[in-house]
Amino acid sequence: CTRELTITLTTDELQPHYEKAYKAMQPKVNLEGFRKGRVPISMIKKMYGKGIEADADQDLINDLFRNYTQEENIQVLGTPTLKNLDKDDKGIKYIIEFETLPTITLKDYKGVAIDEPVHTVTDQEVQDELEYILAQNGELEEAEQVTDESFVVKLEMAEILEGGELSESNETDVYLADKNILPELKENIINTKVGDSFDYTPTAEDANPNIKDKNFKVTITKIQKLTPAVLDDEFVERVTGGRITKAEELQDEVNFNLQDEWDRKSRELVENQIVSTLVDSNEIPAPEQLVNQVLTQMIQDVKQRYEKSLEQLNMTDDELNAQLRPNAERSVKWELVRNQIIENESIELEDYDIDPIVEKEAKRYGQDPEQMKKILVQNPNFLTKILSKKVIDFVLDFAIINEVDFETHERIED
């Protein structure tokens, strides 16, 4: 919100500051007929008085404004502006305009109703993942024709442009047993031989938006038969570098990792619900300066992700701005809500919040934990991320949890 501060000083209050400014200037003044630093104050006043006093006014006002905001615990956004200045023989009057974080009173954030998606990994999911691992470590043999899904096919895809011309082709490898392959593409590839080509138009709802409904010329350039590895103790020991030696242990680890991934997805969806619920239930103004800062960073992040293929982004800065602004506003509003909860509940970071993450990162990079901790705690983003998690955990401790499966959750969200 926008606030104003009026500062009034009499001539008597200003005079000591002016005298101090003249004395500070004296050693710097060079004037013919005087040694450097020996020019009389009266002459300095006559020659440079207005400029020196104007600078002194500005320095004094800056000091008074900074002291005021510190004493009142006011967080100023951006740079304050001088709205009005009146100066006469009696003194000076400044009116300073500045932006601050809005004062908010949160509605009850305890007892929030949350749908928690839950999923227990099935034996089939474990089997599918094991088959993927075996395929990744299988043997490839040149083949003449694709007869089933157990083939890896190298494709060249070129978009068919207006007039029938072809764009520059892109080469990619496709494993037909991969469940992420679009069925319509797989159907076209089955029974093809090296050198065969076909026209292809992705129309499936889950097709990549960058290629959906476009026309392509697809050419088969290489075919390889994939024979998956055999799941036995010898394979397990080799593929894990001796970390695991039994096939059953690999199955258990796959099960654990898959469950961990489902739990991570659930946590992410729960966090999004909490953020949305608390932001939407509180009427919070998003300061424009903060929104613009977040928006600028978002745009930079998008451009960085598309750095090597900006043409695929196919959006102007104005279009990016319009698309990302709602997310930037929501991000700022959540930051305000989060900070208010932190203040209300006196939430602070403790060593037990930080140390497990530090130890994990130290192990990951082979570093001494103490040294890693010194590095990480210097990063504000690292600490903010942990503090945000602690706020979410606090809200969850008081939340009303309703467990649902992922499909039910998606229907509710839709």
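Good morning. The model is a predicted one, in which local features need pLDDT of at least 70, side-chain atom pairs count only at pLDDT 80 or more, and totals for chains, interfaces and linings use all residues. Residues are numbered from 1 along each chain as its sequence is written, and side-chain values use heavy atoms, with hydrogens and water left out.

I begin with helix α6. Helices here are DSSP runs of H or I with at least four residues, strands are runs of E with at least two, and both are numbered from the N terminus. Two packed helices are described by the angle between their axes and the distance between the axes. Axes are lines fitted to C-alpha atoms, for helices over the stretch in contact, and angles run from 0 to 180 degrees between N-to-C directions.

Helix α3, residues 123–136, and helix α6, residues 247–280, have axes that come within 10 Å and cross at roughly 110°. That makes α3 roughly perpendicular to α6, a term for angles of 65 to 115 degrees. On the α3 side, the contact (heavy atoms within 4.5 Å) is made by E125, V126, E129, L130 and I133. On the α6 side, L250, Q251, V254, N255, L258 and W262 take part.

Which helix does α6 meet at about 85°? The partner is α9, and the two axes lie 9 Å apart. These two helices are therefore roughly perpendicular to each other as well. Here V275, S276, L278, V279 and D280 of α6 meet R330, K333, W334, V337 and I341 of α9.

I turn now to the pockets. A pocket is an open set of points, on a 1 Å grid over the protein atoms alone, where a 1.4 Å probe fits, with protein on both sides within 12 Å along at least five of seven lines; lining residues have an atom within 4 Å of a point. Volume is the space filled by probe spheres set on the points, which are joined across faces, edges and corners.

The largest pocket holds about 1,400 Å³ of space. Of its 31 lining residues, E271, T384, K385, I386 and S388 lie nearest the centre. Helix α12, residues 380–398, gives the most to this lining, with 9 residues.

The second largest pocket holds about 780 Å³. Its lining has 25 residues, with M157, N170, N210, I211 and F216 nearest the centre. Strand β7, residues 170–175, gives the most to that lining, with 5 residues.

Thank you.

Note on methods. Parallel < 35°, antiparallel > 145°, perpendicular 65-115°, else oblique.
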